[in-house]
Amino acid sequence: FLEELAALLGARASCEDCLLPGQEEAHAAKRQRLDAGEEGAAGAPSTNPALRQALRAAETQDHPSFQEADEPEELKNLRANPVTVADVAAACRPEHHLRVLSWADGVNRGQGASMTLCLSRATAPLLAQMESDDERASPDALRKMMGAL
């Protein structure tokens, strides 16, 4: 999704392959194997510890966002007609720029490592992070937090 969005945004977006320090040689060797068709990027092992654990429960059982009985009509409509890449691109403000960071070797290192990478590359004076399943009671929540600073 994000790479497609970056393509639609053109000059207002970039995609970057990232390496951990000291990985350059290993990455070059992997790139040669990929180019030769010997290995697929998805064939890389995951170092994400969350993938080594069994799920506690199905998300519908332990997360309040998934209680279908209480689901607002707007959310039901969104599930029936999901937002497309084109919808998101059209809603992007012209002064904003998207940077998509990916691990160059295709290894899934988990959320913590990905967040560390993103924070190390951030250039904005302030950052806000919100999980896809986070809910804010007020649409003004981030504005109120900024006001408190």
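Colleague: Start with H1. What covers its buried residues?
Modeller: The cover includes strand S1 (13–18), H5 and S2. Keep in mind that this is a predicted model.

Colleague: Which residues of H1 are buried?
Modeller: Leu5, Ala6 and Leu9. Seen down the axis of H1, they fall within an arc of 100 degrees, so they line one face of the helix.

Colleague: Why would that spacing put residues on one side?
Modeller: An α-helix has 3.6 residues a turn, so residues three or four places apart point the same way.

Colleague: And what is exposed on the other side of H1?
Modeller: Glu3, Glu4, Ala7 and Leu8.

Colleague: What does alanine 6 contact, leaving aside neighbours within four places in sequence?
Modeller: Ala13, Cys15, Leu98 and Val100.

Colleague: Which residues form the largest nonpolar core?
Modeller: There are eight: Leu5, Ala6, Leu9, Ala13, Val85, Ala89, Leu98 and Val100. H1 gives the largest share, three residues.

Colleague: Zooming out, how many helices and strands are in the protein chain?
Modeller: Seven helices and two strands. Along the sequence the pattern reads α-β-α-α-α-α-β-α-α.

Colleague: How much of the chain is buried?
Modeller: Buried residues make up 17% of the 149 residues. The accessible surface is about 11,400 Å², with 55% of that belonging to carbon and sulfur atoms.

Terms used: Residues are numbered from 1 along each chain as its sequence is written. This is a predicted model: local features need pLDDT of at least 70, side-chain atom pairs count only at pLDDT 80 or more; totals for chains, interfaces and linings use all residues. Side-chain values use heavy atoms; hydrogens and water are left out. Helices (H or I, at least four residues) and strands (E, at least two) are DSSP runs, numbered from the N terminus. Buried means under 20% relative accessible area, exposed over 50%, partly exposed in between (1.4 Å probe, protein chains only). Accessible areas come from the Shrake-Rupley method with a 1.4 Å probe; for residues, only the protein chains shown count as cover. A nonpolar core is a set of buried Ala, Val, Leu, Ile, Met, Phe, Trp, Tyr and Cys residues joined through side-chain atoms within 4.5 Å. Contact means heavy atoms within 4.5 Å. The arc is that of the directions from the helix axis to the C-beta atoms.
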